[in-house]
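Hi,

Here is the structure I promised to pass on. Have a look at it first, and then read my notes below.

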Amino acid sequence: MTSISMKRRALAAMATAFTLAPIGAWAQALGGDKPLRMIVPLAAGSTVDAVARAVAPALGRGTGHPVVVENVAGAGGIPGTQQIVRAPKDGLTLGMISSNHVINPGIYKSIPFDSLKDITPIAVLATVPLVLVVNPALPVKSVKELLAHAKAKPGTLNYGSAGNGSTLHLAAELLVSETGIDMKHVPYRGTGPLITDLIGGQVNLAFVSVSQVAPQVKAGTLRALAVSTRQRSAALPEVPTLAEAGVSGYEFDAWIALVGPAGLPRPAVDAAATAIRAAMKSPEAQAAITGQGLAVLDIGPDAAPAFFQSELAKHQKLVRQSGATLD
């Protein structure tokens with residue numbers, strides 16, 4: 001073997017050791033084969049739950065510890081998040097959360113934790129693109145026509161959402177704020193009833209996640225006008241972004257992130273970030289990403305805290321504008 005070949009092999013081994021060292025250190029610190037508990041503060045079957053369950057096998061293989069996904073749903077995710085922030089700082093309990101985490105402080109007057117101070121952001125994994133859809137009976141085929149219709153008949157259009165303060169509500173509120181149109185809000189208890197009434201014509205329009213209405217859009221039972229994200233959705237590539245459609249600067253999406261309790265040691269944070277990045281590339285995760293119409297992000301522990309702060313400020317402003325505060 002030549003000296004060059006030996007050097008190349010040595011460099012490759014060093015690179016592999018550097019990549020696996022944080023995970024190995026984390027696994028060693030956890031000890032034995034104790035399971036990792038991943039709390040999802042949302043219902044089973046939700047987009048966040050789908051991602052958590054998809055990455056769990058690869059995360060378990062990468063760390064040598066089985067991953068148990070536990071749903072603690074209800075009250076906007078507050079009870080589940082409370083379990084995350086109160087968990088021991090040993091790396092055995094992590095949480096897969098959504099952008100509800102930065103919405104809730106504006107919705108509820110009292111929350112038993114601080115959304116920034118009581119967590120350790122590890123990674124922001126993906127965004128959930130939303131699409132603005134209308135019932136086909138509404139005589140508009142573009143965002144421009146929708147805005148013209150709304151301005152010509154102020155207060156006559158209504159839009160649905162999955163509930164007061166939901167991401168679907170705030171996405172529509174941002175559109176109202178950016179364009180000055182006047183529409184009535186019709187909150188529903190979840191997305192299922194909303195989509196049913198959208199198709200039935202009981203509500204004129206709504207923002208809904210792309211994955212939930214792509215089949216209806218392709219079948220023609222709903223008409224897609226624009227997506228909420230900066231880039232077009234791979235699931236609906238022919239649908240423009242709102243910015244492309246004339247609402248300059250509009251950008252809104254839900255997101256999914258991995259967090260731990262505040263004070264999680266940095267080696268554990270780095271190891272978890274390395275492990276989840278690898279798990280997101282697994283076949284199981286890639287299938288879930290495609291199936292849910294997600295756009296992958298790669299925001300690690302250094303940039304994640306600033307992302308959370310920015311998102312908290314943005315969503316609190318929208319909540320105040322929407323008047324969605326609850327007792």
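**What I found**

Thr127 is buried, at 8% relative accessible area (buried means under 20%, exposed over 50% and partly exposed in between, with a 1.4 Å probe and protein chains only). Before I go on: this is a predicted model, so local features need pLDDT of at least 70 and side-chain atom pairs count only at pLDDT 80 or more, while totals for chains, interfaces and linings use all residues. Residues are numbered from 1 along each chain as its sequence is written, and side-chain values use heavy atoms, with hydrogens and water left out.

Back to Thr127, which sits in strand E4 (residues 119–128); helices (H or I, at least four residues) and strands (E, at least two) are DSSP runs, numbered from the N terminus. Leaving out residues up to four places away in sequence, Thr127 touches Asp253, Ala254, Trp255, Leu294, Ala295 and Leu297 (contact means heavy atoms within 4.5 Å).

Ser161, in strand E6 (residues 158–161), is buried too, at 0% relative accessibility. Its contacts, apart from neighbours within four places in sequence, include Ser166, His169, His185 and Tyr188.

His169 also turns up where helix H6 (residues 167–179) packs on helix H11 (residues 304–322). Their axes are 9 Å apart at an angle of about 80° (axes are lines fitted to C-alpha atoms, for helices over the stretch in contact, and angles run from 0 to 180 degrees between N-to-C directions). H6 and H11 are therefore roughly perpendicular, the word for 65 to 115 degrees (under 35 is roughly parallel, over 145 roughly antiparallel, and the rest oblique). From H6 come His169, Leu170, Glu173, Leu174 and Ser177, and they meet His315, Leu318, Val319, Gln321 and Ser322 of H11.

After H2 comes Gly64, with a positive phi near 80°.

Cheers
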